[in-house]
Amino acid sequence: MADPRPSHDSAPRHDWQSRAIATLWQGLSGWRPASLWRLARLTGPLVERLSKRERRVTRINLAQAYPDLSQSAYQRLSRDSLTHSSATMLELGFAWRGAPERVASSIQEVHGRELLDEARRQGRGVIVLAPHFGNWEILNFWLSSHFPFTAMYAPPKLAALDPIIRQGRERQGASLVPTNPRGVAALLKALKRSEAVGILPDQEPNWGSGVFAPFFGRQAYTATLLPKLVARTDARVVTGVARRLPGRGFAIHFLATDERVQDSDESRSAAGVNASVEAAIALDPAQYQWEYKRYRKTPEEEQQLPEWRQFRLYR
């Protein structure tokens, strides 16, 4: 078995990568969203041309989600998606290290806030499903600026970046908890205090922590944490995204979720979660992070069928 610890040869490389990324974030933290978008329009086509893995996965996922698109529309959506993903990466320094008043002023619109306010008036906690759409760090900034807010957090692979990311996400008062049972307990406590918590609904969980549910017509392994939280807290569930307004800033959207998310049955709840994510993506499909391998696990693999590998979408 290979030693999982970084080798002495890889440590300097990781240090260099961390310094370079941190320097980039700091350098871009003072840029305006309009300037960052112009830069993304330059880097996005380069990512599509040079990053074979991102281009391939994006196109596979888009073909699954929108099989009836014309070839020209399909290519344009793929290119636009990678441009938005580039913008998200370039905006991290702004979201985490930019002057708070400038970040706040970049949020031009807020839609659906009444969904959160109504739940709090009723003494209920709020679970915000935050898919990888637009700039989710801007959503975190807004939520933690307006409500007591708790979210799960997994440290990055480049450990030297951990304090920068953690400070950026916590600077408006957010509480970050680990992705383990202790973190789940912290989410439950926050919900019982009628606070807001954030959950990533479109990240593939480990085996044993999810069920298969349809997502754009294909079975996707989906986390079952949500029905457990709802059953024990009677929290209200909403979908939240920060949609990019190219050249201007961002619009926050809170959307009512599919009614099945409140179901105690894990399969029905997971189907409702995925339907809610689909509804958020419909705001602007190009702003979803299509380069993530959402369908990596398959039902055939779970069933341990001898030929399960042939059912993989990514080969």
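**View 1. Glutamine 287, in the loop between α11 and α12 (299-302).** This is a predicted model. At 4% relative accessibility, glutamine 287 falls under the 20% cut-off, so it counts as buried. Its side chain reaches the backbone nitrogen of arginine 244, at 2.8 Å. Setting aside neighbours within four places in sequence, glutamine 287 also touches a handful of other residues, including His84, His132, Phe133 and Gly134. Ala242 and Arg243 are among its contacts too.

**View 2. Helix α11, residues 266-281.** Here's a quick check on the helix: at 1.5 Å a residue, its 16 residues should span 22 Å, and the end C-alpha atoms sit 23 Å apart, so the two agree. At the start of α11, a side-chain oxygen of aspartate 265 comes to within 3.2 Å of the backbone nitrogen of serine 267.

**View 3. The buried residues of α11 and what covers them.** Buried residues in this helix include Ser269, Ala270, Ala271, Gly272 and Val273. Further along, Asn274, Ser276, Val277, Ala280 and Ile281 are buried as well. The cover includes the strands β2 (126-129), β6 (210-215), β7, β8 (236-245) and β9 (249-256), plus helix α10.

**View 4. The largest cavity, with a volume of about 70 Å³.** The structure holds four cavities of 30 Å³ or more. What lines the largest one? Leu129, Ile199, Leu200, Pro201, Thr222, Ala223, Leu225, Leu226 and Val273 do. By class, the lining has eight nonpolar residues, one polar and no charged ones. Val273 turns up again here: this lining residue is also one of the buried residues of α11.

Methods
Residues are numbered from 1 along each chain as its sequence is written. This is a predicted model: local features need pLDDT of at least 70, side-chain atom pairs count only at pLDDT 80 or more; totals for chains, interfaces and linings use all residues. Side-chain values use heavy atoms; hydrogens and water are left out. On a 1 Å grid over the protein atoms alone, a cavity is a set of points where a 1.4 Å probe fits but cannot get out, and a pocket is an open set with protein on both sides within 12 Å along at least five of seven lines; lining residues have an atom within 4 Å of a point. Grid points are joined across faces, edges and corners, and a volume is the space filled by probe spheres set on the points. Ala, Val, Leu, Ile, Met, Phe, Trp, Tyr, Cys and Pro count as nonpolar, Asp, Glu, Lys and Arg as charged, and the others, Gly among them, as polar. Helices (H or I, at least four residues) and strands (E, at least two) are DSSP runs, numbered from the N terminus. The expected span of a helix is 1.5 Å times one less than its number of residues. Buried means under 20% relative accessible area, exposed over 50%, partly exposed in between (1.4 Å probe, protein chains only). Contact means heavy atoms within 4.5 Å. A polar contact is a pair of N or O atoms within 3.5 Å; within protein, one must be able to donate a hydrogen and the other to accept it, and residues adjacent in sequence count only if both atoms are side-chain atoms.
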